[in-house]
Structures are given as structure tokens and as C-alpha cells.
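Good morning. I will go through one structure today, a few places at a time. Please have a look at it before I start.

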Amino acid sequence: MFLDRIVATKRQEVASLKEQITIDEMEKTIAGLAPCLGFERALSAGRKRPMGLIAEVKKASPSKGLIREDFEPVRLAKAYEEAGADCLSVLTDAPYFQGSNDYLSRVRQAVGVPLLRKDFTIDPHQIYEARCIGADAILLIAAILTTEQMRQFQSIAQSIGLDVLIEVHDQEELARVLELNPTMIGINNRNLQTFVTDLRTTEQLVGSIPKGTTVVSESGISKPEEIELLRSVGAHAVLVGEHFMRQPDVSEAVHTLMGSYSETGAGKE
Ligand SMILES: O=P(O)(O)OC[C@@H](O)[C@@H](O)c1c[nH]c2ccccc12
């Protein structure tokens with residue numbers, strides 16, 4: 001299984017991170033940082049369109065290889081912000097997605113919208129690291145974590161001000177995740193074992209999620225009709241990467257997919 005390979009690589013990365021820095025040291029850095037921007041809020045009450053948007057800064061993926069040649073993370077992030085993306089996601093995994101922590105930190109300096117650190121979180125060290133490099137939210141993937149790990153990671157994240165997006169792609173994962181009363185659930189339309197995307201994944205799972213939880217439909221989204229469909233079944237936001245990365249002008253691509261927006265917010269409490 002491919003996901004197992006990614007996790008094995010991540011374990012080695014975490015081991016070397018632990019040799020470089022302790023949690024105590026990272027906590028000292030965190031004490032001097034500005035508060036996080038509210039990621040979940042930006043997608044719910046604060047969203048700018050009827051459908052919220054997390055626009056992803058993504059250079060490559062294991063299934064597609066290099067996605068964008070002229071990859072300039074800061075320029076892309078500014079274009080997304082200008083086009084009214086509510087939040088951004090920045091891939092930081094290097095071996096499989098050609099991302100980097102440095103991209104996230106540079107994007108943090110350049111934009112004012114909340115940032116998701118998109119990576120494979122398997123250890124508390126990475127949560128502190130995410131905060132230190134400038135993230136406002138982290139991703140927890142149910143497929144690679146036990147319920148207890150998710151509970152522990154969620155509480156660590158909250159204790160340092162980070163929001164948590166918990167990702168599921170089937171009923172079994174969703175049932176485990178609901179035990180944690182999450183504020184935000186991502187439904188990944190891509191099966192991380194086969195890489196096949198199917199928007200019916202969102203349609204099938206969204207009905208089992210309690211009202212009041214912010215639902216993000218993730219992956220394989222590229223058409224305005226899909227946004228409308230996902231909105232009509234109950235998703236509050238979408239996470240879009242590859243489709244935007246393949247357009248020369250990402251700002252225009254956001255407008256074409258998502259429609260126009262108002263700064264005053266279109267979300268409901
Ligand atoms: O590029 P897409 O198909 O629009 O998908 C974006 C995002 O959902 C995808 O990058 C993603 C979703 N969950 C992940 C977990 C790890 C790495 C990447 C992902």
C-alpha cells in the first residue's frame with residue numbers, strides 16, 4: 001500500500017526532527033508568536049461565497065508527478081488571496097509532494113488568510129512544528145491514525161491554538177472520527193490507496209455528519225456544476241489543488257470555478 005510507504009518515510013523524518021529540536025524548545029518559540037487566524041471560522045461564518053474555499057499550493061503529487069512547472073508558492077498564494085480564497089493549504093511533505101516547510105513560512109509572511117499545513121501528521125512533534133512554521137490548522141488523516149491518536153493530537157493542537165481538519169474517506173473512518181466531536185471534517189474524494197477520485201464519496205458520507213460540523217469536500221473538484229452539487233448535498237467548503245495549479249492564471253481559475261464573492265461574508269452561523 002502506497003500510504004504505508006508515505007508513513008514509513010514520515011517516521012524517519014520525524015526521528016530526525018526529534019534529534020534537531022525538543023517540544024520544550026518549540027513551546028518557547030510558540031509563546032512569542034501572534035495568535036493563529038481562525039481557520040474553521042473563515043470557512044463557516046466568515047466565508048466569502050455560498051461555498052467556502054481552501055485553495056491549495058501544490059507542486060506535485062505521487063499519482064501525477066510534477067503538476068506545475070512555474071511553481072512560485074508566494075505568487076500563487078497572493079493570487080489565491082486576491083481571488084477571495086477563504087483559506088489556503090500548503091503541502092509541506094517533500095518526498096512525495098515536493099512541498100516544504102519553507103514554502104509555508106514564506107506564504108505566511110505574504111498573505112492574511114488562514115493556512116492549513118498539509119502533511120501526514122503521525123507524531124506530536126509535527127504539531128508543534130506546524131505552529132512554529134506559521135500554520136493555523138493541521139490535517140489529521142483517519143486512515144493512518146487510531147482514534148486515540150486523533151484524540152491526543154486534536155487536544156495538543158487545540159492547546160496551542162491550531163484548528164484541526166480531520167480527513168475521512170469511508171463510513172468506518174467517519175464513525176471513529178465522530179466520537180471525537182470534531183469541529184471540521186474533510187471528506188476526501190480520493191481513495192489514498194488507489195488515487196481514484198469520486199465525488200460520490202462526499203454525497204455518501206455528508207448525511208452522517210451532525211449539523212454544526214464544518215464539512216470540507218476534498219480532491220478531484222474542477223467544475224462549477226460540481227461546486228453546486230456539493231453545496232446542495234450539504235458541504236460547506238471545498239479543497240481544490242490540482243485544477244487550479246494546471247491553469248496559467250490561478251486567480252481567474254478561482255473566479256471561474258467559484259463565482260464572484262463579497263468581502264462581507266456569505267456564510268451562516
Ligand atoms: O489536487 P486535488 O485533487 O484538488 O486535491 C487537493 C487535496 O484534497 C489533496 O491534495 C489532498 C487531500 N488529502 C490529502 C492528504 C495528503 C496529501 C494531499 C491530500
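Let me begin with a pair of helices. Helix α4, residues 73–82, packs against α12 at an angle of about 35°, and their axes are 8 Å apart. The crossing of α4 past α12 is right-handed. Keep in mind that this is a predicted model.

Which residues of α4 and α12 meet? From α4 they are Leu 76, Ala 79, Tyr 80 and Glu 82, and from α12 they are Val 250, Ser 251 and Val 254. Sorted by class, this contact of α4 with α12 has five nonpolar residues, one polar and one charged.

Leaving aside residues up to four places away in sequence, what does Val 238 touch? There is a group at Met 51, Gly 52, Leu 53 and Ile 54, then Val 216, Ser 217 and Ile 221, and finally Ile 227, Leu 230 and Met 258.

Two of those names, Ile 227 and Leu 230, bring us to helix α10, residues 224–233, where the buried residues are Glu 226, Ile 227 and Leu 230. Why do they sit on the same side of α10? Because they cover an arc of only 105° around the axis. On the face turned away from that buried side, α10 carries the exposed residues Glu 225 and Ser 232. The buried residues of α10 are covered by elements including α9 (200–206), β9 (214–218), β10 (237–240) and α12 (250–258). Just after α10 comes Gly 234, with a positive phi of about 120°.

Asn 181 is not a glycine, yet its phi is positive, near 45°. You can find Asn 181 in the loop between α8 (171–178) and β8 (184–188). Is Asn 181 buried or exposed? Its relative accessible area is 64%, so Asn 181 is exposed.

Phe 195 is another residue other than glycine with a positive phi, here near 70°. Phe 195 lies in the loop between β8 and α9. With a relative accessible area of 25%, Phe 195 is partly exposed.

Now a residue in another loop, His 169, between β7 (163–168) and α8. His 169 counts as buried because its relative accessibility is 19%, and the cut-off for buried is under 20%. What touches His 169, if we skip residues up to four places away in sequence? The list is Ala 143, Asn 188, Arg 190, Asn 191, Thr 201 and Leu 205.

Last, Ile 6, in helix α1, residues 2–20. At 3% relative accessibility, Ile 6 counts as buried. Not counting residues up to four places away in sequence, Ile 6 touches Tyr 96 and Phe 120. For a sense of distance, take Ile 6 and Ala 83, which are 77 residues apart along the chain: their C-alpha atoms are separated by 33 Å.

That is the end of my tour.

Note on methods: Residues numbered from 1 in each chain as written. Predicted model: local features only at pLDDT ≥ 70, side-chain atom pairs only at ≥ 80, totals over all residues. Heavy atoms only, no water. Contact = heavy atoms within 4.5 Å. Buried < 20%, exposed > 50% of the residue type's maximum accessible area, 1.4 Å probe, protein only. Helix = DSSP H or I, 4+ residues; strand = E, 2+ residues; numbered from the N terminus. Arc of directions from axis to C-beta. Axes fitted to C-alpha atoms, helices over the stretch in contact; angles between N-to-C directions. Left-handed = near helix turned anticlockwise from the far one by under 90°. Nonpolar A, V, L, I, M, F, W, Y, C, P; charged D, E, K, R; others polar.
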